Amino acid sequence: MGSLMWLFQFLLYVSQYQLAFSSSSPSSFSSSTHSLYRHGQTICNARSLEILDLSHNNLSGAVPQCLGNFSSTLSVLNLRSNRFTGTLPLAFAKPNKLRSLDLSGNQFEGQLPRSLVDCTSLEVLNVGNNKINDTFPYWLETLPQLQVLVIRSNRFHGPINTSSKSSFTKLRIVDLSHNEFSGPLPMKYFEHFQAMKNKTMPDKKYMSDENSYYHDSVVVTLKGIEIEMQRIFTIFTTIDFSSNNFIGEIPNVIGKLNSLIVLNFSHNSLKGHIPESLGNLTSLESLDISSNKLTGRIPSQLVSLTFLEVLNLSWNRLHGPIPQGLQFNTFQNGSYAGNLGLCGLPLSKECEDSQTKVHPPVLPKEEDDHNFDGLFWKIVAIGYGCGMTLGLFLGSLMFLIGRPKLFVRLAEREMPKKVIRLRRTLTDTVGRRKYSKHQSYFQ
């Protein structure tokens, strides 16, 4: 047993193996047992340990209560994705250098230990995917360096009470999804999320220890898919409050978190309108507020979100035309499903307003041409009818009084007169010529 002491005096990084401890040799691990508890005393005696990562194994049983209190030099404790049971370690050394604590993906029960407030250097706290039954740990707001808070998929419940003082100022990743939280969204906390308002580039690219040997990791729901980030970008920011029982409206103050990349309020009971201030989230890549009770129109300001790749507004009570342009031209029907009042592309339902706007330039012209043609033919028909009626009337009148015979007689008399006049003209001309010639003979 004592031979294992040598091993734990070094950096212990044995993740992603099927491990259990064996006392046969200092470097030998076998699957004969899956209990960490039986070797807990040995681990607790390791006074120089800085990183303990046993993640992604098949370890089971209870975790020794001394585990959080055995080393003032420990900066990373990662027991993620095992089969540990029981309660969480209740005591943490004071003072301590614990920077990252990941107990996610196990079967821990009970409450979060209040002694976590003694971990003043803590940057990452991940207890997601367990069976922890507790209210929101508001007392964690005293941790000045906390940047990642993941308590997803547990049995947390009740409203989220906020304090008036500045709190959680450095939080960049907060995941409360798949719990039983209720009440309104914590507007005060949103006001205090200063790290989500800062677009300046940090000194480090990834979250890691001082020597950048060990990099933190986390599972997040990114663009609708659960993704394990092997390294956490220091510029990555997300708020995930999905699958709870939150009520009330989405506060306008969300629009001040201009470095936010992922926002997920889906599967709650939120009401009211979508805030126009969301159009100020210029870094946003994923917005999911589906399966709520939101009403009103989709704000046109959302079109300005040029980095938006995922939009899910489905299963609400929205109405009116869908904004068009830029990223909104790339979203499919699924982004708007279940909102019977929405219209416009990409939906097949056309908007009444759009019909009025599209067709008026054509319809009035066709109506004017039709009216003009109709009026023209009416005038022609009236003129033709009047002319024909007048002609028939005059014709009948002339035949009744015998005037046509008079016209015929006049015409017959006029023609002989013209012929006689023509003959007389020719005779006179010929006669003059003959008389002239006769006179010339006698001279």
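Two strands count as paired here if DSSP finds at least two bridges between them. Strands (E, at least two residues) and helices (H or I, at least four) are DSSP runs, numbered from the N terminus. What you have is a predicted model, where local features need pLDDT of at least 70 and side-chain atom pairs count only at pLDDT 80 or more, while totals for chains, interfaces and linings use all residues. Residues are numbered from 1 along each chain as its sequence is written, and side-chain values use heavy atoms, with hydrogens and water left out.

**View 1. Strands β13, β17 and β19 run alongside each other in parallel pairs.** Two bridges link β17 to β19 (residues 269-270), and glycine 248 has leucine 270 as its bridge partner in β19. Strand β17 (residues 245-248) is also joined to β13 (residues 180-184), by three bridges. In that pairing, proline 184 sits opposite isoleucine 247 of β17.

**View 2. An open sheet is built from four strands.** Their order is β3-β5-β7-β9, and the pairing is parallel. The edges belong to β3 (60-62) and β9 (131-132); each has a single partner strand, so one side of each is left without a neighbour in the sheet. Between β3 and β5 (residues 83-87) there are three bridges. Look for glycine 61 here: its bridge partner in β5 is phenylalanine 84.

View 3. Skipping neighbours within four places in sequence, the contacts of valine 127 include Leu103, Leu112, Ile132 and Val150 (a contact means heavy atoms within 4.5 Å). Aspartate 102 is 25 residues away from valine 127 in sequence, yet their C-alpha atoms are 6.2 Å apart.

**View 4. The largest pocket holds about 610 Å³ of space.** On a 1 Å grid over the protein atoms alone, a pocket is an open set of points where a 1.4 Å probe fits, with protein on both sides within 12 Å along at least five of seven lines; lining residues have an atom within 4 Å of a point. The volume is the space filled by probe spheres set on the points, which are joined across faces, edges and corners. There are 24 lining residues, and those closest to the centre are Arg172, Thr200, Pro202, Thr234 and Ile235. By type, the lining splits into eight nonpolar, nine polar and seven charged residues (Ala, Val, Leu, Ile, Met, Phe, Trp, Tyr, Cys and Pro are nonpolar, Asp, Glu, Lys and Arg charged, and the others, Gly among them, polar).

**View 5. Cysteine 343 and cysteine 351 are joined by a disulfide.** A search of the whole structure turns up one disulfide, defined as a pair of cysteine sulfur atoms within 2.5 Å. The torsion about their S-S bond is about 105 degrees, so the disulfide is right-handed. Proline 346 lies in the loop between β24 (341-343) and α4 (352-358), and the peptide bond from leucine 345 to proline 346 is cis, with omega near 5 degrees.

**View 6. Tryptophan 315 and leucine 326 each have a positive phi.** For tryptophan 315, phi is near 55 degrees; for leucine 326, phi is near 50 degrees. Tryptophan 315 belongs to the loop between β22 (310-312) and β23 (317-321), and leucine 326 to the loop between β23 and β24. Tryptophan 315 is exposed, at 53% relative accessible area, and leucine 326 also counts as exposed, at 53%.

How values were computed: Buried means under 20% relative accessible area, exposed over 50%, partly exposed in between (1.4 Å probe, protein chains only).
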